[in-house]
Amino acid sequence: MSLLDVIFPIQCPGCGQWDTPLCDACGENIGPPVDVSASLPHLSRVQSDGTEISLFPVWALSSYEDTREIIRAWKNQPSDALDAAIGTRVARAVAGTADTLASRTLDVVPVPSRPARYRRDTYIAGTIADSVARGIAAGAAAPLTVRSRDLFMPRRGRQRGRSRRERRQRDAVHTYPSPSGLSILLVDDVATTGATLEACWRALADHEVLGAVCVSAVIPSSEFADLRSRPLNLE
């Protein structure tokens, strides 16, 4: 338990219920993965026949409309209680995907953030990546190596308040030295336009990006609910 968890009363950031870091009702919003790649314009590419395809699939576990306050609270201050509560939900949501990855080695890689998040221990993408790796590994029926690892250097600049054009013009993403040919699943907290995921994909040119998992996507709740029945499939 962190010091902040002791000083401040524990309550669900989604609804305010006391004595729980995440109530069951709010936690239920984090559920089965949904393919949202078609809603992320920065990942869209036009083929020669005029049709659009995505660079890679992106799966979200919730609509940002439903989990906004939870994610904001999680990013604003360190909380072991939220790490555990949300991490358990995330691991459970992706556990059923392991069978599609039999006999593979998978590297689960969080997207980079600003240096301040690392210093303040609010780099939640890293916590999410650990949970995703744990969930996939726990659900594996066949031999499967899953590693949560940092490949990206901290990133300069900020996303908040920037236009889509400005987001595209941010500094490039840089990686630490690593062996080539890794099979990578990217992880982020919120998918908005796909700009950060695209930058990561460009930086990982020597690797295979299988897709990305995000806790939430900026998609209307009603639209997200219509997509709920689509399972996560990494093949």
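Predicted model: local features only at pLDDT ≥ 70, side-chain atom pairs only at ≥ 80, totals over all residues.
Residues are numbered from 1 along each chain as its sequence is written, and side-chain values use heavy atoms, with hydrogens and water left out.

**Exercise 1.** Work out how helix H3 packs against helix H4.

*Solution.* 
- Step 1: find H3 at residues 64–76 and H4 at residues 80–94. Helices (H or I, at least four residues) and strands (E, at least two) are DSSP runs, numbered from the N terminus.
- Step 2: take the angle, about 135 degrees, and the distance between the axes, 10 Å. Axes are lines fitted to C-alpha atoms, for helices over the stretch in contact, and angles run from 0 to 180 degrees between N-to-C directions.
- Step 3: name the arrangement. The angle makes H3 oblique to H4, since under 35 degrees counts as roughly parallel, over 145 as roughly antiparallel, 65 to 115 as roughly perpendicular and the rest as oblique.
- Step 4: list the contacts (heavy atoms within 4.5 Å). Ile 70, Ala 73 and Trp 74 in H3 meet Leu 82, Asp 83 and Ile 86 in H4.

**Exercise 2.** Find the residues of H4 and H6 that meet.

*Solution.* 
- Step 1: locate helix H6 at residues 124–138; its axis lies 7 Å from that of H4, at an angle of about 40 degrees.
- Step 2: apply the angle classes again, and H4 turns out oblique to H6.
- Step 3: look at the residues. Among those in contact are Asp 83, Gly 87 and Val 90 in H4, and Thr 127, Ser 131 and Arg 134 in H6.

**Exercise 3.** Trace the salt bridges of Asp 107.

*Solution.* 
- Step 1: recall the rule, a side-chain nitrogen of Lys or Arg within 4 Å of a carboxyl oxygen of Asp or Glu. The count by this rule is eight salt bridges.
- Step 2: pair Asp 107 with Arg 147, whose closest N and O atoms are 2.9 Å apart. Asp 107 sits in strand S5 (residues 105–110) and Arg 147 in strand S6 (residues 145–148), 40 residues apart.
- Step 3: check accessibility (buried means under 20% relative accessible area, exposed over 50%, partly exposed in between; 1.4 Å probe, protein chains only). Asp 107 is buried at 0%, while Arg 147 is partly exposed at 34% and Arg 149 is partly exposed at 24%.
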